[in-house]
Amino acid sequence: MRVALAEARACLATGDVPVGAVVIGPGGDVVGRGRNRREAVGDPTAHAEVLALREAAERLGRWRLDDCTLVVTLEPCAMCAGAVVLARVERLVLGAWDPKAGATGSVHDLVRDRRLNHQVEVLGGVLEQDCAALLRDFFAPHR
């Protein structure tokens, strides 16, 4: 989670919402990194999770990440939760819960929906205070 937090902090330079993600491969090494880049590149799909999953798939040479763990500083939205399911990620570790748009246990729970062809193990609240503080500090001037 500390590596994901470092990715999130790098968002501050571009004005993107500070969310960072890493994909941990089967050997325990980081195989993908991502941070929100919507503002930086003008792409509505440039969320940290999607970018980390893309890099991991490219690095591993396969789209199935069924032996990987995604670590992200904020609970994924519906788009990202869908990407996690479609990539067949085994486990999701998240920092702060998102009570407004979270789709992995708070508002919705897409990653554990039994109607889908894959369910994901979720571990939430890892370094939650650090992850939440980064987001609070980012949004404070905007309120």
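Here is a short chat about reading a few features of this predicted model.

Colleague: Which residues does UniProt list for "binding site"?

Modeller: The unreviewed UniProt entry lists His47, Cys77 and Cys80 under that heading. They are spread over 34 residues of sequence, yet they cluster in space, with a largest C-alpha distance of 9.3 Å. The lining of the largest pocket includes His47 and Cys77.

Colleague: Where is His47, and what does it touch?

Modeller: Look in the loop between α2 (38-41) and α3 (48-60). Leaving aside residues up to four places away in sequence, His47 touches Arg35, Asn36, Arg38, Cys77, Met79 and Cys80.

Colleague: Why does His47 count as buried?

Modeller: Buried means under 20% relative accessible area. His47 counts as buried because its relative accessibility is 14%.

Colleague: And Cys80, is that buried or exposed?

Modeller: Cys80 has 0% relative accessibility, so it counts as buried. You'll find Cys80 in helix α4 (residues 78-86). With residues up to four places away in sequence not counted, Cys80 touches His47, Glu49 and Val50.

Colleague: Now backbone angles. How do I read the phi of Arg88?

Modeller: Start with the general idea: most residues other than glycine have a negative phi. In this model, Arg88 has a positive phi, near 60 degrees. Arg88 sits in the loop between α4 and β4 (91-96), and at 14% relative accessibility it counts as buried.

Colleague: What about the phi of Leu127?

Modeller: Leu127 has a positive phi too, near 50 degrees. Its place is the loop between β5 (121-123) and α5 (128-139). With a relative accessible area of 27%, Leu127 is partly exposed.

Note on methods: Residues are numbered from 1 along each chain as its sequence is written. This is a predicted model: local features need pLDDT of at least 70, side-chain atom pairs count only at pLDDT 80 or more; totals for chains, interfaces and linings use all residues. Side-chain values use heavy atoms; hydrogens and water are left out. UniProt positions are given in the numbering used here, feature names are shortened, and annotations may be inferred rather than shown by experiment. On a 1 Å grid over the protein atoms alone, a cavity is a set of points where a 1.4 Å probe fits but cannot get out, and a pocket is an open set with protein on both sides within 12 Å along at least five of seven lines; lining residues have an atom within 4 Å of a point. Helices (H or I, at least four residues) and strands (E, at least two) are DSSP runs, numbered from the N terminus. Buried means under 20% relative accessible area, exposed over 50%, partly exposed in between (1.4 Å probe, protein chains only). Contact means heavy atoms within 4.5 Å.
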